[in-house]
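Hello,

Here is the structure I promised to pass on to you. Have a look at it first, and then read my notes below.

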Amino acid sequence: MFVIKSCRARGILKITIPFVVIPLIVLLSATVFKEKSYLLLSALIAVFSLLLFASGFEKKKTGSRRLVIVSAMTALCIVGRFIPFFKPITALTIITAIYLGGEAGFLVGALSALLSNFYFGQGPWTAFQMLAWGMIGLVAGYLSAPLKKSRALLLIYGVVSGVLFSFIMDLWSVMWYAGELNLTLYKAGLLTALPHTALYTVSNLVFLWFLARPFGEKLERIKVKYGV
């Protein structure tokens with residue numbers, strides 16, 4: 001696992017990758033390329049997600065140990081997508097981010113979407129899923145202190161995450177259908193997707209309620225034991 005030793009370089013990467021580079025790739029996957037090269041673009045997002053993850057630590061040993069935990073959490077997310085209706089992927093991404101950092105959360109969310117879609121189906125939507133789950137994890141990392149202390153705030157964030165995921169995926173639907181961002185179609189898409197948004201939200205609440213504390217305790221013990 002490579003490391004980025006320059007503090008300035010790490011700071012630049014932490015801003016430009018999630019807020020500039022990856023959104024631009026996602027936009028290209030929905031407009032310029034559409035049905036062509038979407039898998040290549042999704043793989044490119046995965047590479048930048050790994051680079052973002054690498055910007056979150058200074059020592060190679062620390063990064064390698066974190067990567068092992070991230071791999072385990074990603075595997076759990078992938079398995080969780082096979083659960084009918086209720087999916088734990090968002091909750092597990094949030095939990096990872098809270099205890100391992102936003103960069104780790106982004107990587108878990110992005111890789112879970114990419115790898116699980118080799119079974120569920122790859123397409124231009126994969127890039128949007130990677131961005132949606134990745135950003136949910138990144139923001140959870142920024143808010144880790146209050147989310148650790150308050151279960152109420154954690155559940156509220158779960159609700160917001162369900163809505164955010166729906167908003168981003170509805171962007172994909174409109175841009176794929178119209179070839180551009182049409183606000184009228186987007187509003188109609190949001191209304192049509194309300195049942196799915198409600199399902200995302202309830203799913204997040206259920207899994208955060210039951211998984212946050214036990215997974216959080218285990219991750220804290222691992223961090224102390226292995227110096228992550």
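Let me start with the largest pocket, which has a volume of about 520 Å³. Please keep in mind that this is a predicted model, where local features need pLDDT of at least 70 and side-chain atom pairs count only at pLDDT 80 or more, while totals for chains, interfaces and linings use all residues. Residues are numbered from 1 along each chain as its sequence is written, and side-chain values use heavy atoms, with hydrogens and water left out.

How is a pocket found? Rolling a probe the size of a water molecule over the atoms shows where empty space is left. On a 1 Å grid over the protein atoms alone, a pocket is an open set of points where a 1.4 Å probe fits, with protein on both sides within 12 Å along at least five of seven lines; lining residues have an atom within 4 Å of a point. Grid points are joined across faces, edges and corners, and the volume is the space filled by probe spheres set on the points.

The largest pocket is lined by 23 residues, and Q129, F165, M169, H196 and Y200 lie nearest its centre. The largest share, nine residues, comes from α8. By type, the lining has 10 nonpolar residues (Ala, Val, Leu, Ile, Met, Phe, Trp, Tyr, Cys and Pro), three charged ones (Asp, Glu, Lys and Arg) and 10 polar ones (the others, Gly among them).

Next, the salt bridges. With a side-chain nitrogen of Lys or Arg within 4 Å of a carboxyl oxygen of Asp or Glu as the rule, the count comes to three. In one of them, the side chains of E103 and K14 meet at 3.9 Å, N to O. E103 lies in helix α5 (residues 102-120) and K14 in helix α1, so this pair ties together parts that are 89 residues apart in sequence. Is E103 buried or exposed? Buried means under 20% relative accessible area, exposed over 50%, and partly exposed in between (1.4 Å probe, protein chains only). E103 counts as buried because its relative accessibility is 13%, while K14, at 29%, counts as partly exposed.

K148, E220 and K223 are linked in a network of salt bridges. The closest N and O atoms of K148 and E220 are 3.4 Å apart. This pair links distant parts of the chain, with K148 in helix α7 (residues 144-149) and E220 in helix α10, 72 residues apart. K223 also forms a salt bridge with E220, at 3.9 Å between the closest N and O atoms. K223 and E220 both lie in helix α10, three residues apart, which is about one turn of the helix.

Finally, take a look at F210 in helix α10 (residues 194-226). F210 is exposed because its relative accessible area is 58%. Together with I83, F85, F86, V202, V206 and W209, F210 forms a nonpolar patch on the surface.

Best wishes

Notes
Patches are made of residues with over 30% relative accessible area and no salt bridge: like charges are joined within 9 Å, nonpolar side chains (Val, Leu, Ile, Met, Phe, Trp, Tyr) within 5 Å. Accessible areas come from the Shrake-Rupley method with a 1.4 Å probe; for residues, only the protein chains shown count as cover. Helices (H or I, at least four residues) and strands (E, at least two) are DSSP runs, numbered from the N terminus.
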